[in-house]
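Here is a short report on one protein model.

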Amino acid sequence: MGLTKSSPENVDESGFLQDPEVKLMLRVKEGDDTAFTELVRAYQNRLTTIFRHMTQSQEAAEDLAQEVFLRIYRARNGYQPTARFSTWLFRIANNLAMNSHRHKSQRKEVQLPASDSVTLTSVGPGDQAIADKSALMPARQVDKQELQLVVQKAMAELNESQRLTVLLHKFEGMSYVEIAETMEMSVPAIKSLLSRARDSLRTALAPYMQLSK
């Protein structure tokens with residue numbers, strides 16, 4: 001998984017060893033399964049939420065999240081921290097999501113509309129956050145569930161890269177540099193993705209929102 005390029009000395013100088021979750025992962029490497037449980041608890045719901053937005057399927061999201069943790073556990077013996085733990089984890093998640101998408105495309109599966117494939121109870125609280133943090137405010141009173149579905153549909157219409165960039169930036173609070181490292185792209189490319197995603201969301205949500213300053 002490309003984890004062994006930096007020496008421990010360089011890692012120490014870079015500060016990655018000060019990341020509490022890197023410390024947990026190093027404990028996992030030493031055989032501490034309780035540390036692995038802590039990492040799973042910290043990221044399980046966050047990963048599932050992101051995957052659900054990317055796949056439009058709660059079941060697929062849970063399977064992908066489980067696969068991420070499985071890959072991390074399998075890689076524990078060769079683990080060398082070359083980035084924050086979250087950056088490494090979401091890089092694995094991004095690769096998995098991209099592979100899953102390509103696999104589905106090859107099989108030419110027909111995607112169900114988001115409103116059919118995701119139940120109301122699986123709509124995450126982050127849907128409202130996306131609208132709020134995208135500098136959009138409700139222009140009229142709409143039912144909360146209606147608003148969630150509108151935002152979810154708008155997110156589903158973004159391409160895979162745009163959607164993941166928005167999720168990492170707005171849900172995970174990752175910087176442009178961290179997202180660039182996660183997605184193995186340049187910072188200008190990430191900024192461009194976010195800009196196009198915001199424009200698309202504004203257009204899609206315009207009937208329901210008014211722009212705030």
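Glu172 counts as buried because its relative accessibility is 18%; buried means under 20% relative accessible area, exposed over 50%, and partly exposed in between, with a 1.4 Å probe and protein chains only. The model is predicted, so local features need pLDDT of at least 70 and side-chain atom pairs count only at pLDDT 80 or more, while totals for chains, interfaces and linings use all residues. Residues are numbered from 1 along each chain as its sequence is written, and side-chain values use heavy atoms, with hydrogens and water left out.

**Around Glu172**

Glu172 sits in the loop between α9 (160-170) and α10 (176-183). Helices (H or I, at least four residues) and strands (E, at least two) are DSSP runs, numbered from the N terminus. Which side chain makes a polar contact with that of Glu172? It is that of Arg46, at 2.5 Å. A polar contact is a pair of N or O atoms within 3.5 Å; within protein, one must be able to donate a hydrogen and the other to accept it, and residues adjacent in sequence count only if both atoms are side-chain atoms. Neighbours within four places in sequence aside, Glu172 is in contact (heavy atoms within 4.5 Å) with Arg46, Ile50, Phe90 and Leu167.

Phe171 pairs up in space with Thr49: their C-alpha atoms are 9.3 Å apart, across 122 residues of sequence. Thr49 belongs to helix α3. A polar atom of the Thr49 side chain lies 2.9 Å from the backbone oxygen of Asn45.

**Aromatic groups and the core**

The structure holds 5 aromatic pairs. One of them joins Phe85 and Trp88, edge-to-face, with 5.8 Å centre to centre and 70 degrees between the planes. Rings of Phe, Tyr and Trp (its six-membered ring) pair if their centres lie within 6.5 Å; planes under 30 degrees apart count as stacked, over 60 as edge-to-face and the rest as tilted. Phe85 and Trp88 are both in helix α5 (residues 85-107), 3 residues apart, about one turn of the helix. Both are buried. One aromatic cluster takes in Tyr43, Tyr79, Phe85, Trp88 and Phe90.

Another ring meets a charge. The charged end of Arg76 sits over the ring of Tyr73, 3.9 Å from its centre. The test is NZ of Lys or CZ of Arg within 6 Å of the ring centre and within 35 degrees of the ring normal.

In soluble globular proteins, nonpolar side chains tend to be buried together. Here the largest nonpolar core has 50 residues. Such a core is a set of buried Ala, Val, Leu, Ile, Met, Phe, Trp, Tyr and Cys residues joined through side-chain atoms within 4.5 Å. Leu47, Phe51, Val68, Ile72, Phe85 and Leu89 have the most contacts inside the core. Elements giving two or more residues to this core are α2 (20-29), α3 (33-55), α4 (58-74), α5, α8 (144-156), α9, α10 and α11 (187-205). Ile72 is in contact with Met25, Phe36, Phe85, Trp88, Leu89 and Ile92, leaving aside neighbours within four places in sequence.

In α10, the buried residues are Glu178, Ile179, Ala180, Thr182 and Met183. Glu184 follows α10.

In helix α11 lies Ala197. Ala197 counts as buried because its relative accessibility is 0%. Residues up to four places away aside, Ala197 touches Leu158, Gln162 and Val166. Its C-alpha is 8.6 Å from that of Asn159, 38 residues away along the chain.

**The whole chain**

How many helices and strands are there in the protein? There are 11 helices and 2 strands. Along the sequence they run α-α-α-α-α-α-α-β-α-α-α-α-β. Of the 213 residues, 43% are buried. Among contacts between residues at least 6 apart in sequence, 71% join residues at least 24 apart. The accessible surface comes to about 11,300 Å², and 50% of it belongs to carbon and sulfur atoms. Areas come from the Shrake-Rupley method with a 1.4 Å probe; for residues, only the protein chains shown count as cover.
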